[in-house]
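Here are my notes on the model. Please read them with the structure open.

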Amino acid sequence: MSTPTSSLLHRLLAGEALSADERMVLAAKIESFDDETAAALDAVDVESLALALGGAQAEKADEAPGRPHPSTSPLTGGAGRPVSKRESHLTVGSPRAWGRAAAMGLAVAAFVALLTFIPRSEPSPDGAEGIKGPPAPVHVRLVARVGTRQNGVPVAGALLSSGAMVSSDTAVLFRYRLTAAAWGYLVAEGDGAPTLLYSTGRRRAGEHEVATDGQAMALFPVELGSSVNIVMLACSEPIDDDFDWALLASIDAPALARRNVSCARDGLLLRTEPPR
Amino acid sequence: MTSTPPEPTDSTLVERAVAGSPTAERMLYRRYAPVVRAYCRCATSGDDSRADDLVQETFVRAFRALSGLRDGARLRPWLYSIATNVCRDAGAQTAKARRLEQALALEWAPSPEDEPSAREQRIRKVAELLDEIEDPKLRSIVRLRYREPEHTTREIAQKLNLPHGTVTVTLMRFRARIKADLVRILLEEAS
């Protein structure tokens with residue numbers, strides 16, 4: 001039976017942002033450590049706790065001094081606090097919209113639709129073409145948030161930590177941060193082979209949105225499977241067009257190493273509820 | 001109505017990976033990388049690039065040694081013991097990660113098929129927890145439950161002449177205390 005405490009715990013572990021009041025209630029319950037609270041805590045799966053702690057900590061690190069400063073309207077805000085995003089940049093379509101795309105002959109709605117709309121080598125809209133010099137070691141951080149509309153206003157909603165469960169109609173928006181200039185590749189692996197969703201030309205260090213023509217791209221993970229691994233690669237050199245993306249999930253990425261391409265990576269796993 | 005085929009078990013994937021299947025390796029990685037990464041992030045105080053290096057090192061070591069794993073079903077505790085060792089060897093240790101390791105150690109009953117590294121890890125973590133306990137009754141119950149040879153709650157009740165319900169509730173509250181510490185951290189970080 002779900003109790004108020006177990007419900008709050010479940011939401012907290014699912015990466016949902018609790019209100020200040022809810023956090024206070026939960027903290028007070030934990031301090032009281034009554035039988036109901038102890039039972040609810042004992043029922044918590046440690047791996048879920050680990051995932052939440054890892055994710056929450058990553059979010060803290062995003063906000064720590066010394067991290068690359070967001071270069072555009074950020075998706076970063078207080079934990080889980082919806083942050084308004086430039087309205088014109090939010091393209092949160094409906095699953096039906098992707099369905100229409102599928103009906104137009106695209107095999108799998110979500111990522112094929114993205115590939116249709118995003119050129120593989122997108123010109124750098126932030127003027128990165130002129131970057132010169134030897135490649136610096138790069139680290140990349142991928143940030144995913146729920147894309148929602150509140151009172152008709154598009155907002156980037158709750159941060160999604162790795163392992164988060166998203167509903168079948170949830171659209172996910174992505175940003176990535178680079179510590180040095182790099183070529184970016186967003187790859188997803190769901191029920192099928194890993195697939196390139198998005199690529200960019202060389203981008204400067206800083207925070208970038210997964211977007212094309214000023215439009216943030218929304219991904220519906222449910223279209224890719226019940227469990228979708230999303231990986232952002234930041235590479236010192238561009239990857240050849242004939243690269244077999246299906247090799248990417250291999251941990252030591254030997255295929256990349258053989259091509260003398262050094263890529264940093266960051267990823268997260270999204271789990272999806274089956275469509276109703 | 002369509003039904004999805006069941007996910008292969010760890011044992012099946014380990015067997016296939018040992019036989020050289022990159023798909024099986026990929027599936028194992030996909031299954032466990034998120035939680036290993038989360039642990040490494042805790043151990044590195046949120047240093048993502050360092051955590052990613054440690055995740056990579058964990059899986060490189062694991063895949064190299066996979067053929068020596070006696071029971072694929074015990075992959076999970078074995079993998080976590082590797083991650084813990086990798087982080088410790090790299091000097092990545094935080095109080096939060098240590099608490100997490102302790103909580104994880106209580107999740108699995110020891111098995112004769114456990115790899116020595118996983119077994120030693122669990123023994124060490126249980127010893128750490130026992131060191132924290134002052135109450136002699138609680139200490140006895142925890143020692144009997146989690147130190148080898150593992151006792152059932154009924155055996156503990158019999159041995160200590162306690163009602164069975166007292167033993168189960170005591171253990172439940174003990175585990176809950178450890179998780180409460182971690183939830184407190186989570187709440188602090190979320191605020």
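1. Basis. This is a predicted model: local features need pLDDT of at least 70, side-chain atom pairs count only at pLDDT 80 or more, and totals for chains, interfaces and linings use all residues. Residues are numbered from 1 along each chain as written, chains are lettered from A and ligands numbered from 1 in written order, and side-chain values use heavy atoms, without hydrogens or water.

2. Contact means heavy atoms within 4.5 Å.

3. The interface. 48 residues of chain A are in contact with 42 residues of chain B. The buried area is about 4,200 Å², and carbon and sulfur atoms give 63% of it. That area is the accessible area (1.4 Å probe) that two parts lose on being put together, summed over both.

4. Charged pairs. There are seven salt bridges between chain A and chain B. The term means a side-chain nitrogen of Lys or Arg within 4 Å of a carboxyl oxygen of Asp or Glu. Arg41(B) and Asp266(A) meet in a salt bridge, at 3.3 Å from N to O.

5. The chain A side. Helix 4 of chain A gives the largest share of the side that touches chain B, 13 residues. Helices are DSSP runs (H or I, at least four residues), numbered from the N terminus. This side of chain A divides into 25 nonpolar, nine polar and 14 charged residues.

Note on methods:
Helix = DSSP H or I, 4+ residues; strand = E, 2+ residues; numbered from the N terminus. Nonpolar A, V, L, I, M, F, W, Y, C, P; charged D, E, K, R; others polar.
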